[in-house]
Amino acid sequence: MEWLTLTIDGREVSALKGSTVLEACRVNNIPIPTLCYDKALTPAGACRLCIVQIEGMRNLPPSCVTQVTQGMKVETQNEKVRNARKTILELLVANHPLDCMTCQKLGDCSLAEYAYEYGVKGQEYKGEKRQLPIDDDNPYILRDLNKCILCGKCIATCEAVTERNVIGFAYRGFQAKVSTFMDTDLKDSSCVYCNRCVAICPVGALMDKNMIGKGRAWELKKEEVTCTFCDSGCEFVINSKNGKVLGVTAKSASNGRPLCLKGRIGSDFRYNSERTDKPFINRDGEFVQVTWSEFLGLGNIVEKINSLTK
Amino acid sequence: MTNSINEIPNTKAMFVIGSNATEAHPVIGTKMKQALAKGSKLIVVDPRCTNLAEHSDVWLRLRSGTDIALINGIMNIILANGWEDRAFIEARTEGFEETRKTIEKYPPELVSQITGVPVEQLIEAAKLYATAECAEIFYTLGITEHVCGTDNVKSLANLAMLTGNLGKESSGVNPMRGQNNVQGACDMGALPNVYPGYQQVANPEVQAKFEAAWGVPLSPKNGFTIPDMFAAATSKNLRALYCMGEDPVITDADANHVRKGLQSLDFLVVQEIFLSETAKLADVVLPGASYAEKTGTFSNTERRVQMVNQAIKPIGNARTDGEIICDIATRMGYPFEYQSSAEVMQEIARLTPIFGGITHARLGTQGLQWPVPTIEHPGTKFLHEGKFSRGLGQFVAIDNQLPAELPDKEYPFLLNTGRKLSHYNVFTQHSPSLEIHSPEELAEVNPVDAKRLGLEVNEVVKVTSRRGEVKTKIKITERVPVGMIFMTFHYFDSPTNELTNGAYDKTTKTYEYKVCGVQITKIA
Amino acid sequence: MEWLTLTIDGREVSVLKGSTVLEACRRNDIPIPTLCHDPELTAGGACRLCVVQIEGMRNLPPSCVTQVTQGMKVETQNPKVRNARKTILELLVANHPLDCMTCQKMGNCSLAEFAYEYGVTGEIYQGERRNLPIDESNPFILRDPNKCILCGKCIKACSEIQGKSILDFSYRGFDAQVGPAFNVPYNESDCDFCGSCVSVCPVGALVEKQMVGKGHPWEITKVQTTCPFCGVGCNFDLNVKDGKVIGVTSNPEAPVNGKALCVKGRFGMDMIYSPHRLTTPLIRKDGVLVPAEWDEALDLIASKFGEIKKNYGPDSIAALSSAHCTNEENYLMQKFMRAVIGTNNVDHCART
């Protein structure tokens, strides 16, 4: 393993040969905004938000696909870099719905996070906005392609499970969108609702229907659990608010595991706050909650045992 | 304060003397305005037209330094009209007859001549204050920063006792302490004559108690007060000074005298958060921590001990003042081994009866008002209910006294000093936003004087006294009377205390910041 | 004190006579949305979001200005009530900028909170929107009248808490807005910048300028503390993000001041990060103060104090303690002088 030394924002850091500038920054707690990057996926260089200035290079290279070299001099926050990032964000927000007040993603939305940091209101470029129908016909995923920023992460994560491969880019230019085969709704596609795509989406384009309207990201307590339905051991998140479990969501597909609907629904059932620990029996057409010993017809078994030992 | 801040909105009359509450104690100022909205009467005694004076029922624009005559005059009127509280005087006080004789020497006409306040206004003020169902007196440094500061305060006590406006809810005598923890620094015995909780160093029993607690012999001799220190330093009786969180060069009167004292020291240590004027003279400067960087308590002007909670780590290589003191003590062979400031508070509670029931855990988010003698005690909302600390309230006969230095031919203007809303003492200029908002001194000069001297708005003038000179921008306003110039002491570029007089009250050693003679001259 | 019993959403509750229906609900943890209500201010009944259905009353009365009566039957969440509230919110959002991504208030915005709860996107009523200039005239308060929902709380805070009455409504109908007389910017008005208006604003019309862009409410830790700027002893919350103080907000539980503060307490905290802060010990060498290590500085002080005490006696050393430092630190300072040095030469600026 060969180590290289480079300078980032005037600070000397070491990075492994073969790592990218973005990785070198992340390892050293130097913040770089990204929308299309995920460390489990192949870098795409799609969003260009991670651009930096590197001495001797023309233009501003995207740090996620630029490898470090010995003695490299990188600037991550100078005016030129920040202005370029701001323009990218302005263009994205220009064609993004502004219903943040009711958007379930707000608080976890990367676009909103960077818009806040860079002061982007979407007023700079006025133009046409997409008016695509919202795909709401299935019970699991709310898909609003008007909010999609075309980062491609959902496609990449779906492709990572060979037998799935449900979505891909379709159309060109302003019409470009993420689409199922023949551009159907998810319910008519081969989608199995594993929600890998939902877990990785940086904006409100793909959302878990389970959570809509139940609470804002900042009000939720998130607890990570490992699924026990099969031996894959996928990770899920139990979301609760004011001590009450609201729903289970897929955490991340990042560790090479498939994720599945069964695991999520099963976990949701398991951690459901409505779940009771006592059984019901049907008495005269009405369900009545009873004790386990009554349910199992064991009655006063403890007393009986006690009387026998005497 | 004998009362609590939240009793203010319910009082029926407010007698505000030598206090610019809306600027120096802004939130108390708002409570006073809330009282006004509920129908309270307001009497303001001040040579300057403060914001409260504009809202008052009667504004007594007295000549600076004639407070005692004015208060005696008001008491004279109260007695003449039979507005005094006989029952209170008989049951709760002593020494009234003697004081009455002095008061009788101050008939309204004479008082009007001394103070410059019309007789009708004196009568109106006396009536509003004495006949209200409950009434609070408020004073600040306009009363105490005079050579007769102690006597000014005693006069106000006389006035309150005469009318029985003491020891009740929304009724009392309320000095508003200037600095955030000046009350606490006094409570903690950062004074040369008392241990924590005002226990006298000269009292052998007290001395024995602290010797037992601290395990070393202690001195029974009162130490130097601040003015003594600079004199002692100049005469080489004082060799070293350890100065924590104070900037006497800027804040003490007669800066040149102070500077001379500090320069005569063999060794000066300054512990500060900024490189103050005093720190610039130091042999060693230690970086302390700001309020956001430490945990402890402040005591406010209504005796409420409240938590200061650490939010961030000290900036850079700075340390909290408590840690620094402990480290020096330990290095000098007396280990100060406290795990936290909560543990220091436990020791304070053990040794200080008025803090006996205070722990950090009990203070929580609401604090406690001392005296809190025991762990069950709920704290004390107002003082002197039913009984004064000394038993009966003592009337003291007091005569009017002149300031140490009045304007004369050479220095014809009276310099009055105070605070303004947008700044606090000498370090808020380090706040970028306050600095943008209020960047410089704007000394107040009356239009008549400005015209006579040919001064324009925003003109920079030279102000000189017998002790020094400063340059300042001016503002032309009728808030100050003819013959007065008013300056704050907040600004690095106009260090007003170069000018002020180092004369002080004989009891409290408080400088007479409020009156001295100066000359104003055009620069160009 | 007389207690009355009433039924709210089928639940029997008791409250003091003279309480409002809103107070009865709040005391019993029954949620009612409000925009113009604040317990420190007089009730206005302006926003109508707190409407409820009360048996025997016509229309839907606003609960903030309706007193409870014995036996009253209140419903707070039925479809009629919720639909009325939703319509009110639709109308408000219809004329509200949708720059929530960058709005400093997001996360603390009552309008967004209720829009989320009631599913209001602002698309039902399309119409004209205000386009008023933003007031950035001063370093403390950012005022965007386009976001104002005309609840009137800032007006009341200015007159009832602060006693200043700088703000009021002007114009009528669609043009109605809140501002100082003649609609001048804040810095040209008689405003004291106490920020009470900011502390009660339910939306992003009035925000702390220093905090803009520094962090969202959900990223902030609030630390209650006591103000260091005068003897009143106001309490407030230091807002901390990533180990840095980014601003001050009112803490309604503050025992002395409630939500009220002054310009210094609310906005002067940027002093903490002044570039003039001392960050390392300094020792005078050859007449100049030069940076030094703590050990060197403290050893020098200990040995100098020891030497002077030995040669000239303990009374040759004095200390100035501080009215800016904590009680604990003042205690330590006087104990240090008395027990370690052996003198009562300790005083502080008690008189200013």
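Because the model is predicted, local features need pLDDT of at least 70 and side-chain atom pairs count only at pLDDT 80 or more, while totals for chains, interfaces and linings use all residues. Residues are numbered from 1 along each chain as its sequence is written, chains are lettered from A and ligands numbered from 1 in the order in which they are written, and side-chain values use heavy atoms, with hydrogens and water left out.

**Which chains touch**

- Of the two pairs of chains that touch, chains B and C have the most contacts, where contact means heavy atoms within 4.5 Å.
- Chain A and chain B do not touch, and their nearest C-alpha atoms are 18 Å apart.

**Where chain B meets chain C**

- Chain B brings 147 residues to this contact and chain C brings 105 residues.
- The area buried between chain B and chain C is about 10,900 Å², with 64% of that coming from carbon and sulfur atoms; buried area is the accessible area (1.4 Å probe) that two parts lose on being put together, summed over both.
- On the chain B side, Y291(B), R331(B) and M332(B) lose the most area to chain C, together 7% of what that side buries.
- Six salt bridges are found across the interface of chain B and chain C, a salt bridge being a side-chain nitrogen of Lys or Arg within 4 Å of a carboxyl oxygen of Asp or Glu.
- A salt bridge joins the side chains of E347(B) and K335(C), at 2.9 Å from N to O.
- There are also 65 residue pairs in polar contact across the interface of chain B and chain C, both residues at pLDDT 80 or more.
- A polar contact is a pair of N or O atoms within 3.5 Å; within protein, one must be able to donate a hydrogen and the other to accept it, and residues adjacent in sequence count only if both atoms are side-chain atoms.
- Helix 16 (residues 321-331) of chain B gives the most to the side of chain B that touches chain C, with nine residues; helices (H or I, at least four residues) and strands (E, at least two) are DSSP runs, numbered from the N terminus.
- By class, the side of chain B that touches chain C holds 75 nonpolar, 47 polar and 25 charged residues.
- For these classes, Ala, Val, Leu, Ile, Met, Phe, Trp, Tyr, Cys and Pro count as nonpolar, Asp, Glu, Lys and Arg as charged, and the others, Gly among them, as polar.
- Strand 9 (residues 240-244) of chain B runs parallel to strand 14 (residues 317-320) of chain C, and four bridges join them; two strands pair if DSSP finds at least two bridges between them.
- Within that pairing, A240(B) has I317(C) as its bridge partner.

**Where chain C meets chain A**

- Here 24 residues of chain C and 22 residues of chain A make the contact.
- Chain C and chain A bury about 2,000 Å² between them, and 72% of this lies on carbon and sulfur atoms.
- One salt bridge is found across the interface of chain C and chain A.
- K121(A) and D99(C) meet through their side chains in a salt bridge of 3.3 Å, N to O.
- Nine residue pairs are in polar contact between chain C and chain A, both at pLDDT 80 or more.
- Helix 3 (residues 110-118) of chain C gives the most to the side of chain C that touches chain A, with four residues.
- That side of chain C divides into 13 nonpolar, nine polar and two charged residues.

**A covered helix in chain A**

- In helix 3 (residues 110-118) of chain A, seven of its nine residues are buried, meaning under 20% relative accessible area, with exposed over 50% and partly exposed in between (1.4 Å probe, protein chains only).
- Among the buried residues are L111(A), Y114(A) and Y118(A), and the cover includes helix 2 (79-94) of chain A.

**Strands in chain B**

- V305(B) stands opposite L368(B) in strand 14 of chain B.
- Strand 20 (residues 484-488) of chain B has five of its five residues buried.
- Strand 16 (residues 413-418) of chain B pairs with strand 20 of chain B in the parallel sense over five bridges, whereas strand 17 (residues 442-445) of chain B runs antiparallel to strand 20 of chain B, joined by two bridges.
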